[in-house]
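Hello,

As promised, I am handing over the structure we talked about. Have a look at it first, and then read on for what turned up.

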Amino acid sequence: MTETATLPPVLFLSHGAPPLADDATWTRQLADWSAGFDKPKDILMVSAHWENAPVTLSATERKTDLVYDFWGFPQKYYDVTYDAPLAPDLASEVDRLVSVHGHHVERDESRGLDHGAYVPLVEMFPDADVPVVQMSMPTLDPQGLFELGKSLAPLRERGTLIVGSGFTTHNLRWFNPAAGPDTTPPAASSEFDHWAEEAMARGDVDSILDFLHKAPAAQEAHPRSEHWAPLYVALGAAYASSGIEAKTAIDGFWFGLSKRSWTLT
């Protein structure tokens with residue numbers, strides 16, 4: 001990219017479960033979102049569904065199967081494919097950048113994209129023509145992931161789209177298939193979503209990193225923080241290269257969970 005070229009945004013998206021593919025509203029929102037920015041050179045995905053230390057990168061030497069990391073769904077969800085090109089150059093650059101900042105990086109050539117990566121990518125880049133590599137979260141420590149994200153910021157200069165994939169609220173006790181996707185969300189989900197919207201609009205990184213003490217209903221919205229944690233990486237990547245300017249790209253609720261997603265520029 002030239003010095004005057006626009007940097008790719010950094011995204012945090014609520015990724016949905018496999019039945020997201022059946023939700024006409026959400027799939028359209030994801031498609032419209034990706035149509036609003038230039039197609040990236042490649043994509044670095046950080047999903048809530050891959051925690052592994054040290055930092056580990058998915059397959060870059062040979063194509064491997066998707067990771068169908070869910071159970072009890074109809075067969076059609078296990079038949080989904082997403083044959084995106086491998087991204088060895090991106091993986092090497094990630095290795096270089098995070099190693100400089102003290103992280104040891106490993107490769108797992110048997111690891112494909114999990115549903116936190118491929119479910120939204122199927123909707124956003126349906127042609128599967130953008131190279132993708134997935135990176136594990138080596139910790140759930142907010143500051144540690146924020147610093148990791150900062151080390152990745154130079155990737156934007158080469159045209160890489162950095163995507164944190166989680167969920168703005170994620171309490172599966174709220175998930176009631178019988179109620180339908182448009183059911184009224186629990187108060188705790190609505191309260192946390194409203195707080196998150198305002199904190200992101202202010203660029204209040206300190207509060208977001210300390211959400212357990214700053215956000216209403218934090219423990220209910222995230223009994224475990226892995227679906228909030230990819231946001232820390234995204235914030236770090238945006239903060240280090242352009243500061244935090246967050247715009248809600250998708251809002252609303254799905255089976256009571258906040259699907260709010262942001263573009264960071």
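Let me begin with a salt bridge: the side chains of Arg260 and Glu197 meet with N and O 3.6 Å apart. This pair links distant parts of the chain, with Arg260 in the loop between β9 and β10 (261–264) and Glu197 in helix α5 (residues 187–202), 63 residues apart. Arg260 is buried, because its relative accessible area is 4%, a value under the 20% cut-off. Glu197, at 32% relative accessibility, counts as partly exposed. Please keep in mind throughout that this is a predicted model.

A search of the whole structure gives 14 salt bridges. Another of them is formed by the side chains of Arg224 and Glu51, at 2.7 Å from N to O. Arg224 sits in the loop between α8 and α9 (230–242) and Glu51 in strand β2, so this pair ties together parts that are 173 residues apart in sequence. Both partners are partly exposed: Arg224 has a relative accessible area of 44%, and Glu51 has one of 33%. Arg224 also forms a salt bridge with Glu226, where the closest N and O atoms are 3.3 Å apart.

Next, a helix. Helix α2 (residues 88–100) has 13 residues and reaches 18 Å from its first C-alpha to its last, close to the 18 Å expected at 1.5 Å a residue. Which residues of α2 are buried? They are Leu90, Ala91, Val94, Leu97 and Val98. Seen down the axis of α2, these buried residues fall within an arc of 130 degrees, so they line one face of the helix. On the face turned away from that buried side, α2 carries the exposed residues Asp89 and Val100. The packing partners of the buried residues of α2 are β2, β3, β4 (105–107), β5 (132–137), α4 and β6 (160–166). Just after α2 comes Gly102, with a positive phi of about 95 degrees.

From the α4 side, Ser151 is worth a look. Ser151 belongs to helix α4 (residues 142–152) and counts as buried because its relative accessibility is 3%. Leaving aside residues up to four places away in sequence, Ser151 touches Leu97, Val98 and His101. Leu97 and Val98 are among the buried residues of α2. A polar atom of the Ser151 side chain also lies 2.6 Å from the backbone oxygen of Leu148.

Finally, some backbone geometry to check when you have the model open. Most residues other than glycine have a negative phi, and most peptide bonds are trans. Against that background, a cis peptide bond joins Ala53 and Pro54, with omega about 0 degrees. Pro54 lies in the loop between β2 (42–51) and β3 (55–57). Ala217 has a positive phi, near 55 degrees, and is found in the loop between α7 (211–214) and α8 (218–221). Phe255 likewise has a positive phi of about 55 degrees although it is not a glycine. Phe255 is in the loop between β8 (253–254) and β9 (257–258), and is buried with a relative accessible area of 11%.

Happy to talk any of this through.

Best wishes

Key:
Residues are numbered from 1 along each chain as its sequence is written. This is a predicted model: local features need pLDDT of at least 70, side-chain atom pairs count only at pLDDT 80 or more; totals for chains, interfaces and linings use all residues. Side-chain values use heavy atoms; hydrogens and water are left out. Helices (H or I, at least four residues) and strands (E, at least two) are DSSP runs, numbered from the N terminus. Buried means under 20% relative accessible area, exposed over 50%, partly exposed in between (1.4 Å probe, protein chains only). A polar contact is a pair of N or O atoms within 3.5 Å; within protein, one must be able to donate a hydrogen and the other to accept it, and residues adjacent in sequence count only if both atoms are side-chain atoms. Contact means heavy atoms within 4.5 Å. The expected span of a helix is 1.5 Å times one less than its number of residues. The arc is that of the directions from the helix axis to the C-beta atoms. A salt bridge is a side-chain nitrogen of Lys or Arg within 4 Å of a carboxyl oxygen of Asp or Glu.
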